[in-house]
Amino acid sequence: MATEEGASVGPDVLQNSSIPASENTVWADCSPLLEAVCEDLQDGELVRGENFNLFAAMSALEIMDPKMDSGIVFKYYSVDEAIENGAAPIPISNDKTVDVQCTIDIMDHLLACEATWHKGHSLAQTVFACIYLLRPDRTASNALLHSYCRIIHATCKAVVSVVSDARTHEEEDIFTMSYGLPLNGDGDEKCLSMLNAVEETTSRQLRASKASSLKKRDLENIEPLQNNLDLEEDCCKALLCRLRFRKHFFHLLTHMRRPQGRGLELARKHVAFCVSELECMRKSAEFLRASAHGTCEDSVENSTTASGRKPIGFDASLNSRLSAPTPPRAIEILTWMKATDYFEKLLHDLDVICSYPLDPVLEGVLRSVVQFQKLQPDLVARAHLQVLLVQDGKLYGRDPIFAVITKAAALPEVMKNHDVQKTECIVQLGQLVINMLKILCTNAAWQRCKLGKILQDWCVIYMQVELDFRKELEEVSKFSGEENACVRVLKHILVWIEEQTYWIACRFIILGFELELYSPGEYCMVYWYLYVVLVKLAERTHLKMAANSCTTKRKGKKKKDSPKDVAREAHIPPALLFLQCHILLAEGLSMMFAALRNEQMLLQSPSPFNSEHERFIQHFELLLKACVPDHISYSSFSESTSYVRLSTLFRYNYFKDAHRIAREVRSSFSNDPDRLAELKRLEQVAEHNGIALNIICKIGASDPSLKLSFEFIHHPYLATTVIKRS
């Protein structure tokens with residue numbers, strides 16, 4: 001490894017190197033550094049560089065990884081061979097009791113396979129590791145198993161459809177590939193009628209099992225589900241809850257795909273049914289475990305079935321020979337308990353989506369999506385959200401994007417049909433809004449990367465709209481000299497584009513905290529940049545509000561303002577005060593980190609690879625390329641923080657003002673629980689940092705036992721200073 005002169009030289013490294021040392025560089029052994037990095041990285045983490053992305057990493061070879069290493073162990077070479085060797089018998093057993101119990105095990109293992117597939121593994125190695133699904137016609141004689149396999153087929157097809165339509169599967173590896181497997185089986189469209197018939201039969205068997213006498217049971221002429229009548233009731237209940245869960249889950253997926261969100265109300269009812277049946281499935285685990293009679297092989301915590309038995313009819317390596325692109329090595333399926341936890345989380349996330357008010361106000365939509373992402377939803381839920389938001393190039397499939405933009409830009413309602421929407425730059429702006437909504441529905445890492453790149457597109461659109469605005473203004477000045485409707489529309493849209501650009505930049509920086517991209521030594525520059533962006537965002541928001549106020553005033557046609565009106569205009573809107581809290585906290589944290597660094601109370605860990613200037617470029621390169629904000633550079637950051645001292649902070653306590661504003665503005669958001677919760681978090685950050693700053697300013701560097709740390713205990717991206725004595 002080449003380093004600056006003065007570093008220690010490893011003779012063996014220098015001898016074997018093909019690049020000779022020069023006057024400015026020498027060779028040093030970096031093995032200890034690489035070993036330290038390897039110890040710090042956890043499984044699944046990746047060091048990402050500009051020229052080594054996720055695609056390149058997945059193209060590399062990692063021994064024993066089921067997605068990269070081929071493996072050579074196969075039990076069967078074809079489905080027919082597996083069937084001939086009795087891997088998936090029909091009937092499963094001549095004993096009806098064993099047959100039913102094994103069928104329940106198949107259902108449970110399929111649930112675990114489905115959850116594993118949702119988590120990003122291939123369909124071929126999870127759900128379609130079931131031989132019964134590969135040959136669905138063989139199960140026709142077993143109505144229970146046949147109907148269940150059909151509903152699994154239909155459910156998988158529905159999930160593949162929504163994820164493919166959302167086009168988010170690229171971020172989650174090989175989610176939608178079916179490798180030529182029989183995903184579209186003949187007769188799947190009748191899956192619900194089949195399942196309903198089996199459910200009705202099982203319900204009658206359950207009612208018969210509860211009959212007070214054998215005579216009444218005989219009169220109903222109901223054949224028992226299995227041979228042991230003492231187990232009949234619990235066995236019927238275990239089957240029913242699994243069948244009903246499948247039915248309601250398929251209904252849920254179907255209703256959520258209805259256009260313009262018309263099926264959300266019904267979908268939410270099916271969510272409640274699914275949650276109820278899922279709870280019944282968990283309760284049935286104790287009975288199934290007890291009925292296994294010592295035949296279980298794993299504990300419930302490690303098993304893929306509720307009973308603990310190994311399911312019949314599965315071979316995860318079978319498809320490796322059938323489908324060449326399939327990763328050949330068998331993967332680890334989620335346990336049944338983890339699978340039920342996954343579906344419970346998925347149902348909760350889908351319920352949140354179903355409860356959306358479908359408000360056409362873009363600001364509310366963006367807030368809702370960001371709030372939803374805090375739940376850390378998985379791919380299926382995020383795909384459903386994206387498909388709901390964007391349908392046929394419209395918001396929710398009903399609100400034209402230009403109408404949404406005019407509303408967001410505080411333009412009058414009549415402007416939503418203005419001819420300016422047909423211009424090329426406005427059409428492109430509408431597409432940018434759609435792309436932004438789609439990006440916000442992706443996972444955090446993908447979202448941050450895409451938002452950073454889309455910033456340049458927003459800046460280009462701003463320049464194009466500005467050119468159209470100037471041309472239109474020149475035309476107007478030649479004739480009437482007064483602004484026409486087109487000029488007013490473009491003026492409002494220009495302000496809104498700038499506001500949206502800074503919102504995206506703010507989101508880009510905040511996601512870095514969520515992804516843990518910043519080290520404590522870099523917090524100063526991060527909070528400084530966040531402060532600059534927030535100030536610009538507040539300025540554009542204020543301009544938009546002022547323009548809206550002027551429009552409203554013009555519509556009212558007041559000849560003379562009253563003193564009350566003047567006072568109302570001078571009052572700062574609550575939305576701006578809310579932003580002001582974030583601005584003060586970001587600035588306060590930036591200045592506090594700068595003062596601690598300048599007075600050497602916060603030791604910086606020098607990097608052997610790059611300087612602070614280089615790290616500044618690495619973190620904010622995409623923002624700097626888009627000139628967001630203008631005239632921002634490392635030198636401006638360095639100049640504004642190099643002379644900050646604790647005495648300066650003591651004279652003006654940013655945290656004290658932020659705490660005061662947060663308390664004062666709370667009453668303005670009494671009907672907004674999300675904003676109220678955020679204000680409470682801001683208060684806590686401001687209060688604790690204010691106290692910490694007072695202690696630091698009083699004691700200073702005089703007490704070497706004072707140890708500072710920074711934790712995100714009150715807020716996800718605004719740090720809280722923790723002071724301890726060593």
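Q: In which helix of the protein chain is confidence lowest, and in which is confidence highest?
A: This is a predicted model, in which local features need pLDDT of at least 70 and side-chain atom pairs count only at pLDDT 80 or more, while totals for chains, interfaces and linings use all residues. Residues are numbered from 1 along each chain as its sequence is written, and side-chain values use heavy atoms, with hydrogens and water left out. The score pLDDT is the predictor's confidence in each residue, from 0 to 100. Confidence is lowest in helix α21 (residues 563–570), with a mean of 40, and highest in helix α13 (residues 336–354), at 96; helices, H or I, of at least four residues and strands, E, of at least two are DSSP runs numbered from the N terminus.

Q: Over which residues does pLDDT stay under 50?
A: Where pLDDT is low, the predicted coordinates should not be read in detail. One such stretch is residues 556–570, for which the model has 5 contacts (heavy atoms within 4.5 Å) beyond four places in sequence.

Q: Which residues lie on the covered face of strand β6?
A: In a regular strand the side chains alternate between the two faces of the sheet. In β6 (residues 706–711), Leu706, Leu708 and Phe710 form the covered face, whereas Lys707, Ser709 and Glu711 form the uncovered one.

Q: In what sense do β6 and strand β7 pair?
A: Two strands pair if DSSP finds at least two bridges between them. Here β6 and β7 (residues 720–725) pair in the antiparallel sense over 6 bridges, and the bridge partner of Leu708 in β7 is Ile723.

Methods. Buried < 20%, exposed > 50% of the residue type's maximum accessible area, 1.4 Å probe, protein only.
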